[in-house]
Amino acid sequence: MNQKPLSTAQILIMAATTGITIANVYYAQPILAQIAAAFGADATAIGRLPALTQAGVGIGLFFLAPLGDMLDRKMIVIVLELLLAVALAGMACSGSLLAAYACSFAIGVLAVAVQILVPMAAALSQPGAKGKTLGIVFTGTLTGILAARIFSGYIAQWLGWRWVYGLSAGLALAVALLVLVTLPRQHASQRGRHTGSYGALLASTVRQFGRFARLRRISCMGALVFGAFCSFWTTLTLLLSAAPFNYRSDQIGLFGLVAIGGAMVAPWFGRMADKASPERAQILTTGLIVCGVLCVTLWPASLAAFVLATLLIDIGVQGTQVNNLAQLYALDETAHSRINTVFMTIFFLGGALGTLVGVLAWGAGGWPLVLVQLLVWSALAMVVAVLNHRASLATA
C-alpha cells in the first residue's frame, strides 16, 4: 500500500514538533549561571550539564532511532514524547546537581524523537521535493535550537530556571497529542521493514557506516560543524555573562533572535540541494562558519562582531546540515533510520565533544583559547567539505 505524501500542513506540524522537542536539549545553555548558583557549582561542573545532554542524544540515537526501520514511527514518537515530559518534570524538581545530571542525560536520550520524524518526513516527501521538505523540517529544528535560548533566558529571568523545564514538560505532552491527531502512521512494512531481531538491527546500523564512503565523509563534516556550533554557544553564554558585557540571561537569549533570522534560509538551501550540487554548496557553508569565527577573533570586544558571527555561524551550520541530509537520504531508502542513526549519532557526539572542549578551553585559557579551538573545528570542516566535493566529482 502506497502512503499519501505529506501535506503542507503536516510538514509544518512536523517542523513545529521537531523544534519543540529539540529545544529541550539547549534550554540550559543561557541559564547555566543560574543553575550553577542553585546547586553551588563552579563553571566546570555546570558545564557538564549540556555535555551530558548531548551525550544522551548520541546514546538515544544509536539505541532508539534504528527502531524506525522496524516499528511504526508515529507510535515511537508518541511514546518518546510522553517519557520526555516525565524527564523534564524531573529536571524541574531536581534537588541536587547529580539529579540534574541524570535528568539532563535522559532528556537528551528521549529528544531522539526528532530523529524518528526526520526520516519519516524524507520517506513521505513527494518525488523531487525531498530537499525542500527536509529544509522546512530542519528550519523547525534549528528554530527550536535557537529559540530555546530566548525562551529559557526570559522564563529563567522572570520566573526562575525550574519553570523552564516545567513549562516544557507541558509542551511535550501537547506535542504527543498533536502527533497522535495529525500525522499518519507509517508502518515499517510500507517501506522495506527490517525483519531481524533488535540486536540484528543494531548490528545492521553499524554496518551502514562501512557501506558508504559518502556517509563517512558527511558524518565527519557534521560532527565538526556541530562541535563548533555547540562550543560557540556554550562559551558565548559564559563570555557574555562576565565583564565587560555582564549581560543577564534574558539579554543573552536575544542572540537567538539573530540566529533564528538565519534559520529562515534553510529551505533555500534545501531547494538548492534538489537542483544543484550539495557537495559544492558545502564549501560555501563551511566557509561561512570560518568567517564567523574570524569576526570575533579580530574584534573580540565588539557587540556588532558577535551579532555578525552569530548570523554567519548559524547560516553556515544549517546550510551544511541541510545539504548533508540531502546526500544522506539518497543512499538507501530502505535503511533511512539506520543511516540517519549513524550520521546523527556522530553529529551529536561531535556536539557533546565541542561543548566539553569549549568549556575546558574556557577554564584553561579563557576566550582566546576558545577562539583557537573554534577555528580548528571550522577549518577542519571546510577541509572535509572540499574532499567530499572532489570525491563526488570523481564518481560522477
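Mentor: Please keep in mind from the start that this is a predicted model. Let us begin with helix H1, residues 8–22, and its partner helix H8, residues 161–182, whose axes come within 10 Å and cross at roughly 155°. An angle over 145 degrees counts as roughly antiparallel, and H1 and H8 are therefore roughly antiparallel to each other. The crossing in which H1 passes H8 is left-handed. On the H1 side the contact involves Gln-10, Ile-13, Thr-17, Ile-20 and Thr-21, and these meet Leu-171, Val-175, Leu-178, Val-179 and Thr-182 in H8.

H1 passes H7 in a right-handed crossing. The H1 residues in this contact are Ile-11, Leu-12, Met-14, Ala-15, Thr-18, Gly-19 and Ile-22, while H7 contributes Thr-133, Ile-136, Val-137, Gly-140, Thr-141, Gly-144 and Ile-145. Eight of the residues in the contact of H1 with H7 are nonpolar and six are polar, and again none is charged.

For charged pairs we have to look elsewhere in the chain. The structure holds five salt bridges, and I will take some of them in turn. One of them joins the side chains of Asp-69 and Arg-73, with a distance of 3.3 Å from N to O. Both partners lie in the buried class, Asp-69 with a relative accessible area of 2% and Arg-73 with a relative accessible area of 1%. Asp-69 and Arg-73 also belong, together with Arg-338, to a network of salt bridges.

Another salt bridge brings together the side chains of Asp-72 and Arg-185, at 2.6 Å from N to O. This pair links distant parts of the chain, with Asp-72 in the loop between helix H3 (43–63) and helix H4 (73–93) and Arg-185 in the loop between H8 and helix H9 (198–211), 113 residues apart. Asp-72 counts as buried at 9% relative accessibility, whereas Arg-185, with a relative accessible area of 44%, is partly exposed.

A further salt bridge is formed by Arg-211 with Asp-332, whose closest N and O atoms are 3.0 Å apart. Here too distant parts of the chain are linked, since Arg-211 is in helix H9 and Asp-332 is in the loop between helix H15 (303–328) and helix H16 (336–395), 121 residues apart. Arg-211 is partly exposed at 45% relative accessibility, and Asp-332 is buried with a relative accessible area of 17%.

Two individual residues complete this look. Arg-48, placed in helix H3, is partly exposed with a relative accessible area of 42%; Arg-48 and Val-359 are 311 residues apart in sequence, and in space their C-alpha atoms are 8.5 Å apart. Asn-246 is in the loop between helix H10 (213–240) and helix H11 (249–253), and its phi is near 55°, a positive value in a residue other than glycine. Most residues other than glycine have a negative phi.

Notes: Residues are numbered from 1 along each chain as its sequence is written. This is a predicted model: local features need pLDDT of at least 70, side-chain atom pairs count only at pLDDT 80 or more; totals for chains, interfaces and linings use all residues. Side-chain values use heavy atoms; hydrogens and water are left out. Helices (H or I, at least four residues) and strands (E, at least two) are DSSP runs, numbered from the N terminus. Axes are lines fitted to C-alpha atoms, for helices over the stretch in contact, and angles run from 0 to 180 degrees between N-to-C directions. Angles under 35 degrees count as roughly parallel, over 145 as roughly antiparallel, 65 to 115 as roughly perpendicular and the rest as oblique. A crossing is left-handed if the near helix is turned anticlockwise from the far one by less than a right angle, and right-handed if clockwise. Contact means heavy atoms within 4.5 Å. A salt bridge is a side-chain nitrogen of Lys or Arg within 4 Å of a carboxyl oxygen of Asp or Glu. Buried means under 20% relative accessible area, exposed over 50%, partly exposed in between (1.4 Å probe, protein chains only). Ala, Val, Leu, Ile, Met, Phe, Trp, Tyr, Cys and Pro count as nonpolar, Asp, Glu, Lys and Arg as charged, and the others, Gly among them, as polar.
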